[in-house]
Amino acid sequence: MKESKFWKCIKDNLSDVFWCRLESWASPGVESWVNQGVPDCYGILDGTSVFVELKVTRSNKINLSPFQKNWLYNHYLQGGRSFILLQHLGQRALYLFSSSILHSPLSIASKHEYKCSLPAGSAAWSRIQDTLLHSPLPRK
């Protein structure tokens, strides 16, 4: 599944959240450094907002650019809610990571906030939404 299909899956299964796909905002006339590192999605529900970087992989590594790592970690340091939602194709699983993990080596063995098998049922999607919007943020 490509990231665009993963994005559609997020919108369909977390439909209570108002989502905006930020990656699509980049345009040829804008300097590329302006958008480097900004996560793929922004969501808000009942006044709580979250940024989510989407990844689809067959590997056990979380491949983020230095710009993405920098943005996510600095957002976390300022008290912002940001996560990495990774779909592992080989394992048929979803992993949800807080951006606070970015100070350690990035692998799916890293401490994840939540993991579920695919296809995920409504209870799993509810848990993902609750974690994205209401989980306590780890201490800095």
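The legends below describe close-up views of a predicted model.

**View 1. Confidence along the predicted chain.** The mean pLDDT of the protein is 85, and 82% of the residues score at least 70. Strand β2 has the highest confidence, at 96. The lowest value belongs to helix α2 (residues 32-35), with a mean of 55.

**View 2. The open sheet of six strands.** The strands follow the order β1-β2-β3-β4-β5-β6, and their pairing is mixed. From one strand to the next, the twist averages 20 degrees.

**View 3. Strands β4 and β5.** Strand β4 covers residues 82-88 and strand β5 residues 93-98. The two run antiparallel and are joined by six bridges. Within this pairing, L85 stands opposite L96 in β5.

**View 4. Helix α1 on the sheet.** Helix α1 (residues 3-13) packs on the sheet, where it touches β1, β2 (41-45), β3 (48-57), β4 and β5. The direction of α1 makes about 140 degrees with that of β3.

**View 5. The buried face of helix α1.** Three residues of α1 are buried: F6, W7 and I10. Seen down the axis of α1, these buried residues fall within an arc of 105 degrees, so they line one face of the helix. An α-helix has 3.6 residues a turn, so residues three or four places apart point the same way. The buried residues of α1 pack against strands β1, β2, β3, β4 and β5, and also against helix α4 (122-134).

**View 6. The aromatic cluster of Y42, F51 and W71.** Ring pairs link Y42, F51 and W71. The model has four aromatic pairs by the ring-centre rule. In the pair of Y42 and F51, the ring centres are 5.2 Å apart and the planes lie at 55 degrees, so the pair is tilted. Planes count as stacked under 30 degrees and as edge-to-face over 60. Y42 has a relative accessible area of 21% and is partly exposed, whereas F51, at 17%, is buried. The cut-off for buried is under 20%.

**View 7. The stacked pair of Y95 and F97.** The rings of Y95 and F97 are 5.9 Å apart centre to centre, with 10 degrees between the planes, and the pair is stacked. Y95 counts as buried at 4% relative accessibility. F97 is also buried, with a relative accessible area of 0%.

Key. Residues numbered from 1 in each chain as written. Predicted model: local features only at pLDDT ≥ 70, side-chain atom pairs only at ≥ 80, totals over all residues. Heavy atoms only, no water. Pairing = 2+ DSSP bridges. Helix = DSSP H or I, 4+ residues; strand = E, 2+ residues; numbered from the N terminus. Axes fitted to C-alpha atoms, helices over the stretch in contact; angles between N-to-C directions. Contact = heavy atoms within 4.5 Å. Buried < 20%, exposed > 50% of the residue type's maximum accessible area, 1.4 Å probe, protein only. Arc of directions from axis to C-beta. pLDDT = per-residue confidence, 0-100. Phe/Tyr/Trp six-rings, centres within 6.5 Å; stacked < 30°, edge-to-face > 60°.
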